[in-house]
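Look at the sequence and the structure below.

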Amino acid sequence: AVVSTQSTGDTIVTPLKDLDTDRFELSRLRRIILFNSTTKANYQSLKDAEEVRSIRKMEHTLLQSHTNGHPGRIGELLLLLPALTTAGNLFIEHLHLEKLVGDTFENLVAAELLVAMGSG
């Protein structure tokens, strides 16, 4: 899992550095990902799907306005969205797995200690 996390980090960090991405651009990209309602299940579960769509459109517009003086830049930034989304999902999975394995490991150690104490 560490190798996967490392290569995912390189896949994202290197292009962001190469593009010299600023805070405003990173903020817009994060918000575009946050307000992603492209899947039918996500879209149907929203209380106000139109407001979410409107916010996402606004973030796209702000990013486009910010990159207007740099032809092709918005395209390069938007091409990073799948990798950023995947990395976020992998990070969340890693945290859940770490918590699950950590809890399981602690429970196994406690059980082994109890068995050892009982047989001694």
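Which side chain meets Arg 53 in a salt bridge? The side chain of Glu 50 does, at 3.3 Å from N to O. A salt bridge here is a side-chain nitrogen of Lys or Arg within 4 Å of a carboxyl oxygen of Asp or Glu. This is a predicted model, in which local features need pLDDT of at least 70 and side-chain atom pairs count only at pLDDT 80 or more, while totals for chains, interfaces and linings use all residues. Residues are numbered from 1 along each chain as its sequence is written, and side-chain values use heavy atoms, with hydrogens and water left out.

Arg 53 and Glu 50 both lie in helix 4, three residues apart, about one turn of the helix. Helices (H or I, at least four residues) are DSSP runs numbered from the N terminus. Arg 53 counts as partly exposed because its relative accessibility is 38%, and Glu 50 is partly exposed at 46%. Buried means under 20% relative accessible area, exposed over 50%, and partly exposed in between (1.4 Å probe, protein chains only).

The structure holds three salt bridges. In one of them, Glu 25 pairs with Arg 73, with the closest N and O atoms 2.7 Å apart. This pair links distant parts of the chain, 48 residues apart: Glu 25 is in helix 2 and Arg 73 in helix 5 (residues 73-78). Both residues, Glu 25 and Arg 73, are buried. Helix 2 also holds Arg 28, and helix 4 holds Glu 59, 31 residues apart. The side chains of Glu 59 and Arg 28 meet in a salt bridge of 2.4 Å, N to O, and Glu 59 and Arg 28 are both buried.

Next comes the second largest pocket. Its lining includes Leu 26, Arg 30, Leu 84 and Ile 92. The elements that give two or more residues to this lining are helix 2 and helix 6 (81-119). A pocket is an open set of points on a 1 Å grid over the protein atoms alone, where a 1.4 Å probe fits, with protein on both sides within 12 Å along at least five of seven lines; lining residues have an atom within 4 Å of a point.

Last, consider the loop between helix 1 (2-18) and helix 2 (23-34), where Asp 20 lies. Asp 20 counts as exposed because its relative accessibility is 61%. The phi of Asp 20 is near 55 degrees, a positive value in a residue other than glycine. Most residues other than glycine have a negative phi.
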